[in-house]
Amino acid sequence: MLTRHPSIFIAGAWGDGTGDDALEATNPATGEIIAVVARGTREDAERAITAATAAGPAWAARSPFDRAAAMVRIAEAIVDRREELARALTADQGKPLVAEAYDEVDELVEYFRMAAADATRLEGLMPPSVDPGKRILAYRVPRGVVGVITPWNWPYTMPGEMLAPALAVGNTVVWNPASSTSYCATVLATCIAEADLPPGVFNLVTGTGAVVGDAIAADPRTAAVAFIGSTEAGRTVAARAAGKDVLLEMGGNGPLVILDDADIAAAVDATLAAAFLNAGQSCTAGERILVHEAIHDRYLERLATAVRDEVQLGDPLDAATTMGPLNNEGGASKMDAHVTDALERGARLVHGGRRAPQLGSPTFYEPTILDGVAEDMLVAREETFGPIVPITTVPDMEAALDIVNASPYGLLAAIFTRDLARGLRFAEAARVGWVNINQSTNYWESHLPFGGRGGSQSGVGRVGGRHSLERLTELKTVVLTLG
C-alpha cells in the first residue's frame, strides 16, 4: 500500500490539501504506481495565493543580494539531492537516468545560480527631465504574486526557468505542476523548502490544470502568470488571466532544413538529437525534416543506419538506454494516429512505426522514420510530440522557407548549410523566434532569449537569463523635485 505523499506546500508547511481525491503517480516504463499525491482544489489554490500575497511586501523589500543568497541555497540543496531528483524524474517522467535525467538536474542547478547572479545586476534608468529642477528614476520592481503553471515533459528545467527568476527579483510564487509529474515536482519543492524562504514566498499546489491552474490564472490577486505547455492550454490560461501580464511558452514543430551543401554526417547527428531527445517530447523537437532533393537518398540511408545503431530504446534505468517510453498513453495514441494517417496518405515507413510493449509498458514506441511526408498529413500539420522523423523533399531553400512560414507555429527552426550567408538569409526570413545554423533544433542555451514569434501559436514573451527577470518585473517611474 502506498501512502499519500505530502504535495501541497503553503505558507511554509506541507499538507494534503482540502480535497479527498488523489493523483496516482505512475511509472511510464512499468505501469507501477510509485506515489499518491494530493489532487488540489480551488480552495487550496486560493489559500496559496493568500499566503503569497501576505508574504509579498517583505520579500520584495529584501535586498537583491539577500534574495540571491536564497537562490544559491536552493541550488545547493538540488546538488545535495541530485541522485534523488534524477531517480524521481526517471520514475515519474520516463527519461533515461544516465542519458538524460542527471543532465536535467544539473541544468536546474544552473537556473537558480544564474537567477542569483542576474538579480544582483538588474538595473534601472535615469532618463532626463524637461525640468532642470527634477530628477527621474525608473527602476524595476517585482510584479507581485506570480502563478507558475508547468508541463510534464521537462518537469525540472521548465519550472526552473520560471521559478528561479520570479523569486530572485522579489515576486512570490504559487506553482501548479503538471498532474502526471507531480511526484518529482514535490522532490524539487523539497529543495526549495529547505532553503528557508519566508513562509508564503514559495507555494506548491498539485492538481489538475483545469482546477488548480485555472484558479491561479483567474484569481484577481495574481499579478502575472507564467505558463509553459500546449497551445490549446496556453490560450485557455491567457483568457482566464485577462488583464494580467502573461508569459507563455507554447508549441512548435521545429522544422530542420538540410540543404544540398550540408555536412550530411552532422545533419544526421542533429536529426537524432532533434527527434529522439526526451523521446521527441519537446516543443523544439524536429518534427518537420525538409531535405534537399539532391542529397535526400544519401541522407536517408545514413539516417536509417544511425537510428538502428545508435538509438537504444529500453529500460530508463539501464545505462545503455538512450530513449525511454513516452510519458503517457495520450502521447502514444497520437503517435499511432499520426503514423497511420501518414501511411494511408502515401508516406513510406522506413523504420519503426510501432509500439514496443514487450519492454514493459504500452507507451514504449520505436524510433520512427517516415519518408515522403506531404503537407496534408497530420504529422506535417500538428505537433506529434513523439519519436518521429517525418521527411519532406524540397527543391531549394525558398521552398523550405515557404513551408516553415506557412506553419501556425513560430518557435524555432534550424538549417544545415556550408554557406553561412545562405544560413543567415534563411534565419532572417524564417518567421520564428530562434534559428540554429548547423545545429539541432533541440540546441539552446538557458541564458539566451527564447520564445515564439509574435502572431504564431508558440507563445508570448521571452525566457532566458536576464530576459526572464525583465519580463517578471515592471518599471516604476519616480519623479523627484529638488528643493
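Close-up 1. Six of the seven residues of strand β16 (residues 388-394) are buried, so the strand is largely enclosed by the rest of the structure; buried means under 20% relative accessible area, exposed over 50%, and partly exposed in between, with a 1.4 Å probe and protein chains only. Helices (H or I, at least four residues) and strands (E, at least two) are DSSP runs, numbered from the N terminus. This is a predicted model, in which local features need pLDDT of at least 70 and side-chain atom pairs count only at pLDDT 80 or more, while totals for chains, interfaces and linings use all residues. Residues are numbered from 1 along each chain as its sequence is written, and side-chain values use heavy atoms, with hydrogens and water left out. Strand β13 (residues 288-292) runs parallel to β16 and is joined to β16 by four bridges, with Thr393 of β16 as the bridge partner of Val291; two strands pair if DSSP finds at least two bridges between them. Strands β15 and β16 also pair in the parallel sense, over three bridges, and here Val389 of β16 is the bridge partner of Ile369.

Close-up 2. When neighbours within four places in sequence are left aside, Glu382 is in contact with Glu287, Lys334, His338 and Tyr409, where contact means heavy atoms within 4.5 Å. Glu382 and Gly324 are 58 residues apart in sequence, and their C-alpha atoms are 23 Å apart in space.

**Close-up 3. The open sheet of eight strands.** Eight strands form an open sheet with mixed pairing, in the order β3-β2-β9-β8-β7-β10-β11-β19. Its edge strands are β3 (13-15) and β19 (459-460), each of which pairs on one side only. Within this sheet, strand β8 (residues 172-176) and strand β9 (residues 202-205) run parallel and are joined by three bridges, and Leu204 in β9 is the bridge partner of Trp175. Helix α7 (residues 209-218) lies across β7 (145-149), β8, β9 and β10 (222-228), and runs at about 160 degrees to β8; the axes are lines fitted to C-alpha atoms, for helices over the stretch in contact, and angles run from 0 to 180 degrees between N-to-C directions.

Close-up 4. In helix α8 (residues 231-240), the residues Thr231, Gly234 and Val237 are buried. Seen down the axis of α8, the buried residues fall within an arc of 120 degrees, so they line one face of the helix; this arc is that of the directions from the helix axis to the C-beta atoms. These buried residues pack against β7, α7, β10 and β11 (245-249), whereas Glu232 and Ala239, on the other side of α8, are exposed.

**Close-up 5. Glu100, a buried charge in helix α4.** Glu100 lies in helix α4 (residues 97-119). Although Glu100 is buried, the residue has no salt bridge, and the nearest side chain of opposite charge, that of Lys95, is 4.2 Å away. Here Lys and Arg count as positive and Asp and Glu as negative, while His and the chain ends are not counted; a salt bridge is a side-chain nitrogen of Lys or Arg within 4 Å of a carboxyl oxygen of Asp or Glu. Apart from neighbours within four places in sequence, Glu100 is in contact with Lys95, Phe276, Leu277, Asn278 and Thr322.

Close-up 6. A search of the whole structure finds 26 salt bridges. One of them joins Glu329 and Arg355, whose closest N and O atoms are 2.9 Å apart. Because Glu329 lies in helix α11 (residues 329-344) and Arg355 in the loop between β14 (348-351) and β15 (368-371), this pair ties together parts that are 26 residues apart in sequence. Glu329 is partly exposed, with a relative accessible area of 38%, and Arg355 is partly exposed as well, at 22%. Arg466 forms a salt bridge with Glu470, the closest N and O atoms being 2.8 Å apart; these two residues are four residues apart in helix α15 (residues 466-471), and so are separated by about one helical turn.
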